[in-house]
Amino acid sequence: MHETHTKKEKLLLLVKIVFPVLVTQVAMYMVTFFDIYMTSRYGTEDLAGVSIGSSFWVPVYIGLAGILMSITPIVAQLMGAKKKEQVKQAVQQGIYLSLLLAAIVFAFFYFGIDLLLALMNLEPAVADVASRYIQAMSIGLVPLFAYTILRSYIDALGATRVTMVISLLSTPINILFNYLLIFGKFGFPELGGVGAGLASAITYWLILAIAVWIIHTRNPFSVYGIFRQWPKLSLSRWIEISRIGVPIGISIFVETSIFSAVTFMLASYGTYTIAAHQIALNFTSLLYMLPLSISMGATILVGYEVGAKRFRDARQYSWLSVLTAVTFSFVSACILYFMRAEIAALYTSDPVVIELAVQFLVFAALFQLSDAIQAPVQGALRGYKDVNITFIMAVISYWVIGLPCGYLLANYTEFGAFGYWIGLIVGLTAGAITLSIRLLSIQKRIAGQTTT
């Protein structure tokens, strides 16, 4: 991390920060991607079960992990303000908080998942796979949440290439254990979709072990002594983390859970529709890693500049991030539209599922621009530590506008199941517009304060 003076220098630093983050995000997402992909090769019922299970898992995990992501802007601003002595305490208290959140989520899934699945009109085989998949994934909650803290710390120091390397190691590990446990190879039990959940949990533990070793033994991380002289629990530090993190977590939960809500509502359309929807959503989520990575890079860079009180540079990084994401969104839209048949065929050979997935992918192509705007804008707002109004806007955009619109179109027009995806487009577009207005407002207010 360093100060830049020209837009060219800023773009180069943005790329330097974002590229490793992108590789990291893709590698981390590949855990879920290969869960879905390899399960789809095993059977349609298992694919539907994993789809339902991941629809519960993803928003709950990502929403709570979003709380822990507040470590990134906290540490970035401490570094920008030259308050390095406070970094250790922030990270250690974040690890304590991650263990508490992991315990809460584990209890929620252990005692509540079967009750939630019973409320859905699922085929018994699908419900059984979904339940056991979540229980298997829950074994990896502690390392997954703890790694979120450690990764946020590493990224905030600008060493995004380190998390890239760690995450790249996760993909072959996950593929190997998926192969062994889904299909029962080399004497391992044949667990189908449940094996995908267990393979992911094993992968998360190995990732955490690697991250701990690097932070404890390698510079510049070891000089902070993160794993030495553990302090007592600090309620004030937890409040600081939560004050920034809870709105971030809620915002992420609101955005991701709308996709899960759509999956639940599509359950009434049958196993084939659920499977096709999951194929489209799975591949679209892979492409979303680019704007998401730019968003995370914006948080780091904007937070660093805000901490150093270089507000003009923070503003330039904000909109440079948006412009970069929008440029790449056209590439993503073209891939989804012109290669939709090939994409669907990657997942399944079932002609009914392929036909439905191809139609879902058309709608997925349409919301690429909205995703490309709202993601980096949210990242920039987190760099400013402006998170409270953001999550309110997210709730309104996705749940008050998007989901009701999708429900009406699905149930009162001829769009049917595809109406829900039109609702997603409407919600994401509303979010992109309102968040952009908020970012402009924050920057205008800061500019006014610095000139008076």
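**From F264 to a pair of crossing helices**

Setting aside residues up to four places away in sequence, F264 touches I52, S55, F56 and M120 in this model, which is predicted. F264 itself belongs to helix α9, the stretch spanning residues 235-265. With a relative accessible area of 25%, F264 counts as partly exposed, because that value falls between the 20% under which a residue is called buried and the 50% over which a residue is called exposed. As a further point of reference, F264 and G192 are separated by 72 residues in sequence, and their C-alpha atoms lie 22 Å apart in space.

S70 is buried, its relative accessible area being 0%, and its side chain reaches the backbone oxygen of I241 at 3.1 Å. When neighbours within four places in sequence are left aside, the contacts of S70 are with I241, I244, G245 and I248.

The last region concerns the packing of two helices, and such a pair is described by the angle between the axes together with the distance between them. Helix α10 (residues 271-307) packs against helix α12 (residues 340-347) at an angle of about 110°, the two axes being 10 Å apart. That angle makes α10 roughly perpendicular to α12, since the range from 65 to 115 degrees is the one so described. At the contact, I279, N282 and F283 of α10 meet I343, A344 and Y347 of α12, and by class this contact comprises five nonpolar residues, one polar residue and no charged residues.

Notes
Residues are numbered from 1 along each chain as its sequence is written. This is a predicted model: local features need pLDDT of at least 70, side-chain atom pairs count only at pLDDT 80 or more; totals for chains, interfaces and linings use all residues. Side-chain values use heavy atoms; hydrogens and water are left out. Axes are lines fitted to C-alpha atoms, for helices over the stretch in contact, and angles run from 0 to 180 degrees between N-to-C directions. Helices (H or I, at least four residues) and strands (E, at least two) are DSSP runs, numbered from the N terminus. Angles under 35 degrees count as roughly parallel, over 145 as roughly antiparallel, 65 to 115 as roughly perpendicular and the rest as oblique. Contact means heavy atoms within 4.5 Å. Ala, Val, Leu, Ile, Met, Phe, Trp, Tyr, Cys and Pro count as nonpolar, Asp, Glu, Lys and Arg as charged, and the others, Gly among them, as polar. Buried means under 20% relative accessible area, exposed over 50%, partly exposed in between (1.4 Å probe, protein chains only). A polar contact is a pair of N or O atoms within 3.5 Å; within protein, one must be able to donate a hydrogen and the other to accept it, and residues adjacent in sequence count only if both atoms are side-chain atoms.
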